[in-house]
Amino acid sequence: MKKTPMKQKLLASVFYILPHHGISWLMFKGARIRWKPLKNLIIRTYTRLHPVKMHEAIEEDMFAYESLNAFFTRALKAECRPFDENDKHWLCPVDGSVSQAQAIKNGRIFQAKGQDYSLLELVGGDRKLEEVFKNGQFATLYLSPRDYHRIHMPATGRLKQMQYIPGRLFSVAAFTVNNIPRLFARNERCVCYFATEQGPMAMILVGAINVSAIETVWHGLITGEAKKVKHVDYEDKDILLQRGDEMGRFNLGSTVIVLATEQMRISENIIADADIKLGQCLAVAST
């Protein structure tokens, strides 16, 4: 039965009092249980709640994975996610659905009906990043529990900087996004800033309740380290990731926000509530 707006609002309000990090810590531990009988029971229960297309995975036997986390971050067969052939187009970095996608207006990002939030707050108060993207475009992409949870590069990019920002772990499901103000700017997140041939790009990996950790391929585990702001400058490093390369993963799902400048325009197929697949066109050159 579909929940009414009032029921959704009441349910969302419960998240204000939940011990977000305590619940997520328990999930972190539970998702890494390797004792086979219990591990298999957890995976079987999980797949009954969240049907998964195992024929798309390189390892199709769900019980061959050493833990729920290994199962959750499973690799897919390359042929299941063909990439857009125009190498000037940005690729969709994940499987999932579109929460919102449109222009950034006066430094504000649209969240849901009647809700927006500050770009400056989202990027952790970094005014240089705010200046880069304040007239650009964004796409907020939601990964459900049944989706593939590795994150890939929309374009070939050189990593310039990364910032981990601690925060809450509100659910990122539609009913909370619609009812909790500034949700994405309040949740724990990792802001990754790249230089690409099509201009600057930021990928913001947003944590959520039950997301036990966020990882990037160059740093490893991020959100399990400390609960304070962490800024890492990569200007002097030579970290270049190719279009379509894995750049990170969620150990239990969440949301990715992609920021682009005026040089790029979000594809007309990337609209609110649309289902998306890794590799389809996310954005095209604006001229």
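**Salt bridges, burial and contacts in a predicted chain**

Reader: In which helix do arginine 127 and glutamate 130 both lie?

Author: Arginine 127 and glutamate 130 are 3 residues apart, about one turn of the helix. The model is a predicted one, in which local features need pLDDT of at least 70 and side-chain atom pairs count only at pLDDT 80 or more, while totals for chains, interfaces and linings use all residues. Residues are numbered from 1 along each chain as its sequence is written, and side-chain values use heavy atoms, with hydrogens and water left out. Helices are DSSP runs of H or I with at least four residues, strands are runs of E with at least two, and both are numbered from the N terminus; the two residues belong to residues 127-133, helix 6.

Reader: How far apart are the closest N and O atoms of arginine 127 and glutamate 130?

Author: A salt bridge requires a side-chain nitrogen of Lys or Arg within 4 Å of a carboxyl oxygen of Asp or Glu. Arginine 127 and glutamate 130 form such a bridge, their closest N and O atoms being separated by 3.7 Å.

Reader: Is glutamate 130 buried or exposed?

Author: Buried means under 20% relative accessible area, exposed over 50%, and partly exposed in between, with a 1.4 Å probe and protein chains only. Arginine 127 is exposed at 57%. Glutamate 130 has a relative accessibility of 19% and therefore counts as buried.

Reader: Which residue forms a salt bridge with glutamate 246 at 3.3 Å, closest N to O?

Author: The N and O atoms in question are 3.3 Å apart, and the partner of glutamate 246 is arginine 150. Glutamate 246 lies in strand 14 (residues 246-251) and its partner in strand 6, so the pair ties together parts that are 96 residues apart in sequence. Glutamate 246 is buried, as is arginine 150.

Reader: What is the N to O distance between arginine 249 and glutamate 246?

Author: Arginine 249 and glutamate 246 are both buried. Their side chains meet in a salt bridge, with an N to O distance of 2.9 Å.

Reader: How many salt bridges does a search of the whole structure find?

Author: Salt bridges that share partners join Glu56, Arg81 and Asp95 into one network. Across the whole structure, the number of salt bridges found is 12.

Reader: Which backbone nitrogen does the side chain of threonine 156 reach at 3.0 Å?

Author: Threonine 156 is in the loop between strand 6 (150-152) and strand 7 (157-165), and is partly exposed at 28% relative accessibility. A polar contact is a pair of N or O atoms within 3.5 Å; within protein, one must be able to donate a hydrogen and the other to accept it, and residues adjacent in sequence count only if both atoms are side-chain atoms. The threonine 156 side chain makes one with the side chain of glutamine 242 at 3.4 Å. At 3.0 Å, the side chain of threonine 156 reaches the backbone nitrogen of arginine 243.

Reader: What radius of gyration does the protein chain have?

Author: The radius is taken over C-alpha atoms, and the globule rule is 2.2 Å times the number of residues to the power 0.38. For 287 residues, a compact globule would have a value near 19 Å. The protein chain agrees with this, at 18 Å.
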